[in-house]
Amino acid sequence: MEKVNFRTQVLTGHLQNHRHATTTIYPSPCVSYVPPEISEQPFSFDVSSMRKLMDGHNLGDRDWLFNLMVQSKLFNPRLRGGKVFVVPDYNHSMEQQREITMKRIEYLLDHGAFEGWLTGKGPEAEMKKFALLEVIEIFDHSLAIKIGVHFFLWGGAIQFFGTKRHHDKWLRATENYLIKGCFAMTELGHGSNVRGIETTATYEANTGEFVINTPCESAQKYWIGGAANHATHTVVFSQLNVDGNNQGVHAFITQIRDENGNICPNIRIADCGHKIGLNGVDNGRIWFDNVRIPRENLLNSVADVSTDGKYLSAIKDPDQRFAAFLAPLTSGRVTIAVSAVYSAKISLAIAIRYSLTRRAFSITANGPELLLLDYPSHQRRLLPLLAKTYAMSFASNYLKLLYIKRSPQLIKTIHVVSSAFKATLTWHNMRTLQECREACGGQGLKTENRIGQMKGEYDVQSTFEGDNNVLMQQVSKALLAEYVAAKKRNKPFKELGLEHMNRSCPVIPAQLASSTLRSTQFQNDIFCLRERDLLNRFAAEVSQYQAHGESKESAFVVSYQVAEDLGKAFSDRAILQSAIEAENNVKDASLKNILALLRSMYVLVTLEEDAAFLRYGYLSTDNAAAVRKEVAKLCSEIRPQALALVSSFGIPDAFLSPIAFDWVAANSWSTVQN
């Protein structure tokens with residue numbers, strides 16, 4: 001009761017004071033839009049040079065495809081605030097989104113966008129394919145996934161799992177969409193654990209055929225992109241049975257629809273239904289009931305079955321054979337990691353441009369309202385994410401080059417790096433989308449402003465082509481295997497970037513000055529120290545569990561906390577090294593200066609956010625406080641460059657959103673009338 005009386009007195013006092021208030025309140029003029037290009041400082045570096053550094057390759061091809069999409073009504077052009085924007089219409093039903101996605105593919109096909117995607121030879125053809133897919137991603141994730149399944153999964157399986165007979169028969173037909181392919185690996189009961197799938201393929205020597213079966217409901221193929229409506233063929237991953245022996249998982253070409261779109265005999269297909277995003281992709285479920293396919297439909301680059309039923313493979317060890325079999329699938333993780341970076345770029349470009357024109361509150365009596373990005377708190381929300389996106393952009397370029405240079409010697413490195421980057425970059429993207437959505441306030445909820453919708457569209461990246469947590473555990477296992485092998489041989493580390501383990505352990509100064517925190521030497525040292533120490537801890541913990549009778553796999557499972565920290569440490573160190581290499585290759589001083597600021601922000605915000613640096617004692621509490629102070633300082637230094645940095649992404653205006661530009665005009669009454 002006393003609290004009630006007290007609050008009543010306080011409220012009465014406020015009301016009485018308000019009645020007698022003498023402060024004059026002046027009406028403010030209407031809010032107007034001022035383009036940031038006018039209000040912001042001139043750019044201190046060449047934006048086109050930065051874009052070239054960021055995109056890395058095929059800028060002309062990218063711009064050609066951007067222009068091609070803008071020219072067609074299929075890409076839903078809309079006039080808002082004096083600008084034309086192209087963005088999918090998410091008001092469409094699931095069925096409409098699927099059909100318009102297919103029509104867009106046909107338009108791109110008719111204009112030669114896919115020429116050479118499967119029949120082209122050499123690194124140039126592969127880099128062009130990557131570049132064009134990245135542009136498609138910027139427009140619509142559904143469209144990119146639908147195309148990616150057809151070319152990278154179905155087409156890639158034929159390229160890498162198949163041999164000449166498959167290439168001659170299927171590749172050009174796939175490139176020209178004479179057939180439409182899908183990729184049937186995931187099952188209701190098995191996703192990341194591919195070796196556990198239950199679909200079977202049994203060879204019958206008397207007919208020269210494989211018989212494919214779905215033996216139980218958990219074996220139904222699930223989430224198969226393209227299967228529900230459009231795909232005519234699929235690559236089916238099945239347990240191969242030859243002469244009563246299970247030879248493990250293999251891949252088979254199987255037709256699922258005829259040329260008229262009718263489902264083939266002994267095949268059942270159902271729709272996976274509406275999803276939180278990617279409704280332009282027709283995900284389906286497939287059951288096989290004694291489906292017969294010719295022996296030649298086994299994709300046989302790793303293993304084959306002779307006409308008389310003999311299993312043939314040059315790789316005798318089942319584990320090595322399975323690893324060789326799955327090695328080419330890294331292309332999926334590569335494209336996902338890269339697309340996550342471009343998604344983050346879109347959301348940051350929109351949110352930062354909006355924050356450079358939207359004002360809120362005044363900090364002086366009757367003074368002007370402040371731009372959102374002039375608030376230190378708003379800078380702290382967006383600018384570290386911007387710096388991380390730059391670092392991860394360089395990392396994704398490194399990953400693409402690593403993949404294109406692939407060789408048997410690089411298989412392990414590509415697997416580990418693509419797993420680490422796929423997890424780290426997609427997690428970063430989802431966090432960036434959420435922060436940018438919130439930073440745009442209510443405008444971030446509108447689908448036309450893209451960011452809110454993109455959260456649902458990109459959420460799947462955390463789990464498809466490998467659950468992120470599982471991938472990070474695979475990274476840690478690979479690092480441990482390298483550690484054990486090096487110790488057993490008593491030889492230096494030579495792979496996976498672990499060469500720093502051959503040097504003496506870095507020593508972190510007791511007190512960290514600003515100049516030290518920003519030095520490449522310190523940044524590299526503390527990231528290497530963390531990775532080195534965590535790898536030693538992980539090895540010791542696993543060894544300790546094994547000494548107490550645990551199996552190797554069980555020891556891995558119970559050591560998951562250190563394993564997760566180690567996976568992050570590996571990924572962060574590899575990303576930093578990619579950023580340092582990109583910076584070192586730049587000659588222009590103005591570019592070098594801003595890249596150094598972004599690199600320092602990337603490292604220091606990682607130190608601040610990852611509890612491992614304090615948990616394991618790599619940073620003292622005093623040094624952690626110094627890091628936090630330096631992050632705030634870096635925010636104020638990067639702030640004047642914010643517009644130039646997002647302009648360097650090279651994303652045309654039409655592929656952003658109305659709030660990135662004149663959001664007042666875009667929401668005027670005239671737009672309602674029209």
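Tutor: A salt bridge is a side-chain nitrogen of Lys or Arg within 4 Å of a carboxyl oxygen of Asp or Glu. The model discussed here is predicted.

Student: What makes the contact of Asp610 and Arg530 a salt bridge?

Tutor: The side chains of Asp610 and Arg530 meet at 2.6 Å, N to O, and the cut-off is 4 Å. The pair therefore ties together parts that are 80 residues apart in sequence, since Asp610 lies in the loop between H19 and helix H20 (612-615) and Arg530 in helix H16 (residues 520-547).

Student: Why is Asp610 called buried?

Tutor: Buried means under 20% relative accessible area. Asp610 has 16% relative accessibility, so Asp610 counts as buried. Arg530, at 0%, counts as buried too.

Student: What joins the side chains of Arg380 and Glu608?

Tutor: They meet in a salt bridge of 2.6 Å, N to O. Arg380 belongs to helix H11 (residues 376-404) and Glu608 to helix H19 (residues 589-609), so parts that are 228 residues apart in sequence are tied together.

Student: How do you know that Glu134 and Arg62 form a salt bridge?

Tutor: Their side chains meet at 2.7 Å, N to O, and the cut-off is 4 Å. Glu134 in helix H6 (residues 122-139) and Arg62 in helix H4 (residues 59-70) are 72 residues apart, and the pair links distant parts of the chain. Both residues are buried. Glu134 and Arg62 also belong to a network of salt bridges with Arg51, Asp55, Asp63 and Lys400.

Student: Which strands pair with S7 in the parallel sense, and which in the antiparallel sense?

Tutor: Strand S3 (residues 181-184) runs parallel to S7, joined by four bridges, and Phe183 has Val235 as its bridge partner in S7. Strand S4 (residues 200-204) is also parallel to S7, over three bridges. Strand S8 (residues 245-255) pairs with S7 in the antiparallel sense over nine bridges. S7 and S8 form a hairpin with two residues between them.

Student: Why is Val557 called exposed?

Tutor: Exposed means over 50% relative accessible area. Val557 reaches 58%, so Val557 counts as exposed.

Key. Residues numbered from 1 in each chain as written. Predicted model: local features only at pLDDT ≥ 70, side-chain atom pairs only at ≥ 80, totals over all residues. Heavy atoms only, no water. Pairing = 2+ DSSP bridges. Buried < 20%, exposed > 50% of the residue type's maximum accessible area, 1.4 Å probe, protein only.
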